[in-house]
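Please open the model in your viewer and keep the selection panel at hand. Each stop below names what to select and then describes what is there.

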Amino acid sequence: ALGAVCLSSCVSPTPPPQCAVSGLILDLEELPSGMALDFVTQPAVDSTNNSETRGYSTAALRFSQSVYWYPKTEWAERKYDEEVQSVEGPAAHRHFWSEPEFNWQEVAADESDAGCGPINDGVSCVVVVRFNSTVSKAYIQFPGGEVSRRL
């Protein structure tokens with residue numbers, strides 16, 4: 001299982017030069033052995049041009065990470081609010097999501113949220129963080145499996 005999720009940010013000045021979002025997404029060699037790259041979407045669907053999503057999987061685990069960089073912090077704040085709906089919004093409540101026991105002591109994010117619960121064909125967890133003008137989202141799904149409350 002994936003024991004920890006690392007979400008990072010770019011500290012590039014705003015306005016550009018732009019942040020290189022590809023460097024903020026975990027590479028295959030940084031993930032547990034046996035994982036395979038499923039897809040890369042650049043830019044991320046319905047998002048800023050400076051964004052990327054990568055998806056990985058094994059038979060027991062699906063993991064995707066998206067990073068979005070905006071030239072203005074207020075745009076990132078709006079994107080964070082949009083992405084956090086998967087944790088706090090109607091879909092989250094409909095699926096009886098709960099807040100996992102994350103250790104946020106090491107998180108230096110301006111905003112962060114997480115939730116876990118049953119969705120589609122297994123238990124899933126979503127973590128969303130905003131660092132200045134960068135928003136990062138990690139989605140972890142355990143098809144047909146279980147996840148403990150403590151991640």
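This is a predicted model: local features need pLDDT of at least 70, side-chain atom pairs count only at pLDDT 80 or more; totals for chains, interfaces and linings use all residues.

Residues are numbered from 1 along each chain as its sequence is written, and side-chain values use heavy atoms, with hydrogens and water left out.

**Stop 1: the strands β2 and β3**

Select residues 51-57, which form strand β2, and then residues 62-69, which form β3. Helices (H or I, at least four residues) and strands (E, at least two) are DSSP runs, numbered from the N terminus. The two strands run antiparallel and are joined by 7 bridges; strands pair if DSSP finds at least two bridges between them. One of these bridges links Gly55 to Ser64 in β3. A hairpin of 4 residues leads from β2 to β3. In β3, 7 of the 8 residues are buried, where buried means under 20% relative accessible area, exposed over 50%, and partly exposed in between (1.4 Å probe, protein chains only).

**Stop 2: Glu52**

Now select Glu52, which lies in strand β2. Is Glu52 buried or exposed? Glu52 is buried, because its relative accessible area is 2%. Its side chain makes a polar contact of 2.4 Å with that of Ser22 and another of 3.2 Å with that of Gln42. A polar contact is a pair of N or O atoms within 3.5 Å; within protein, one must be able to donate a hydrogen and the other to accept it, and residues adjacent in sequence count only if both atoms are side-chain atoms.

**Stop 3: the second largest pocket**

Select Phe39, Thr53, Ser64, Glu83 and Lys137, which are among the residues lining the second largest pocket. A pocket is an open set of points on a 1 Å grid over the protein atoms alone, where a 1.4 Å probe fits, with protein on both sides within 12 Å along at least five of seven lines; lining residues have an atom within 4 Å of a point. Which strand gives the most to this lining? It is β3, with 3 residues.

**Stop 4: the nonpolar cores**

Finally, select Ala44, Tyr68, Tyr80 and Val128, which are among the 10 residues of the largest nonpolar core. Such a core is a set of buried Ala, Val, Leu, Ile, Met, Phe, Trp, Tyr and Cys residues joined through side-chain atoms within 4.5 Å. Both α1 (73-83) and β5 (122-131) give two or more residues to this core. Another core, of 9 residues, lies apart from it and includes Met35 and Phe63.
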